[in-house]
Amino acid sequence: MTESPAPRIHLGTQGWSYPDWVGSFYPPGAKQEHFLPFYARVFDTVELDTTFYHAPGASIARSWARHSPAHFRFAAKVPRIITHDAALENVADAMASFVSALEPLGEKLGPLLVQLPAEFARAERTVAALEKFLAESPRGVRLAVEFRHASWHRPETWRLLSDHGAAFAWTEWRDLPRPTEVTADFLYLRWLGDRREIQRYDRVVIDRTREFNAWESDLGRALPRVSEVFGYFNNHWAGHSPASANDMKRRLGLVPVEPREQWPQGELW
């Protein structure tokens with residue numbers, strides 16, 4: 001019996017445009033236009049937070065594609081007008097328009113994250129809305145769904161997601177329980193933290209050893225069941241998300257790229 005190939009693991013951060021990273025992740029003196037090209041030398045994926053607020057213009061999406069290598073993958077948050085304002089109801093056209101706006105990314109487009117609001121509790125209406133949304137979403141895109149209400153943590157949810165090939169997003173967020181169900185052929189992982197605990201993003205200030213150990217154990221059991229993994233750290237997780245992402249890489253047996261080793265030697269930006 002042959003073993004399944006090891007999954008492709010993509011670990012990165014939620015966004016890349018943080019001035020506090022200059023001098024800690026980005027080289028001293030780096031400007032906004034330097035950020036993505038440098039980031040893409042260290043990590044092979046990023047979660048786009050900006051798409052939560054509005055779909056990108058064609059020129060912006062083309063710029064993202066142009067400033068990243070062929071193997072790079074952009075995960076994108078589905079706009080809040082779909083997930084929060086409309087609560088997934090009657091959004092087929094808006095979803096199709098959003099996916100169309102991302103077409104310039106081509107094969108660099110990773111999963112789309114459906115981040116649902118905390119008040120989106122499980123009820124007959126919301127279950128129907130989610131099922132219709134999943135059924136009507138454009139073909140050819142991978143969806144990961146993040147529930148922020150524990151009422152969704154039940155077998156019926158796992159079956160619904162599995163029926164549509166959507167991943168249940170494993171999320172560390174405040175006191176929300178963290179189930180580790182596998183509902184698709186890929187995993188989508190998020191480490192969020194509490195916004196009130198972190199003031200600057202240039203260094204690790206919270207020891208997450210205990211949480212890392214728990215994640216490492218859970219992932220060890222799940223990895224043989226999937227072909228690909230996408231995981232993203234927020235600065236609020238521990239203070240400096242690039243360091244957290246590289247820490248998880250080491251734990252999973254990957255070789256991280258150290259950002260300071262990529263800093264230019266003897267030249268100015």
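Me: Is F230 buried or exposed?
Reply: This is a predicted model, and the value is computed from its atoms. A residue counts as buried under 20% relative accessible area. F230 has a relative accessible area of 0%, so F230 is buried.

Me: Which residue forms an edge-to-face aromatic pair with F230, and where do the two lie?
Reply: A pair of aromatic rings is described by the distance of the centres and the angle of the planes. Here the centres are 6.3 Å apart and the planes make 85°, and planes over 60 degrees apart count as edge-to-face. F230 is in strand β9 (residues 228-233) and its partner in strand β8 (residues 186-191), so the pair ties together parts that are 44 residues apart in sequence. The partner, buried with a relative accessible area of 1%, is F186.

Me: How many aromatic pairs are there?
Reply: Two rings pair if their centres lie within 6.5 Å. By this rule the count of aromatic pairs is 28.

Me: What kind of aromatic pair do W64 and F74 form?
Reply: The centres of W64 and F74 are 6.2 Å apart, with 25° between the planes. Planes under 30 degrees apart count as stacked. The pair of W64 and F74 is therefore stacked.

Me: Which elements does the pair of W64 and F74 link, and how many residues apart are the two?
Reply: W64 belongs to helix α2 (residues 58-66) and F74 to strand β3 (residues 73-77). W64 is buried at 9% relative accessibility, and F74 is buried at 0%. The pair links distant parts of the chain, α2 and β3, and its residues are 10 residues apart.

Me: Over the face of which ring does R178 lie?
Reply: A charge sits over a ring if, among other conditions, CZ of Arg is within 6 Å of the ring centre. R178 lies at 4.0 Å from the centre of its ring. K77 is also placed over a ring, that of F52, at 4.7 Å from the ring centre. The ring under R178 is that of W215.

Me: Which elements are included in the cover of the buried residues of helix α1?
Reply: Helix α1 (residues 32-42) has buried residues H34, F35, L36, F38, Y39, A40 and V42. An α-helix has 3.6 residues a turn, so residues three or four places apart point the same way. The cover of the buried residues of α1 includes β1 (8-14), β2 (45-48), α2, β3 and α9 (241-251).

Me: Is N90 buried or exposed?
Reply: N90 is found in the loop between α3 and α4, and its phi is near 55°, a positive value in a residue other than glycine. A87 is found in the loop between α3 (80-85) and α4 (92-101), with phi near 50°. A87 is partly exposed, at 26% relative accessible area. N90 has a relative accessible area of 73%, so N90 is exposed.

Me: What radius of gyration does the chain have, and what would a compact globule have?
Reply: The chain comes to 9 helices and 9 strands, and 53% of its 269 residues count as buried. Residues 24 or more positions apart account for 75% of the contacts with a separation of 6 or more. The C-alpha trace spans about 60 × 45 × 40 Å along its principal axes. With 269 residues, a compact globule would have a radius of gyration near 18 Å, which agrees with that of the chain, 18 Å.

Methods. Residues numbered from 1 in each chain as written. Predicted model: local features only at pLDDT ≥ 70, side-chain atom pairs only at ≥ 80, totals over all residues. Heavy atoms only, no water. Phe/Tyr/Trp six-rings, centres within 6.5 Å; stacked < 30°, edge-to-face > 60°. Helix = DSSP H or I, 4+ residues; strand = E, 2+ residues; numbered from the N terminus. Buried < 20%, exposed > 50% of the residue type's maximum accessible area, 1.4 Å probe, protein only. Lys NZ or Arg CZ within 6 Å of the ring centre and 35° of its normal. Rg over C-alpha atoms; globule rule 2.2 N^0.38 Å. Contact = heavy atoms within 4.5 Å.
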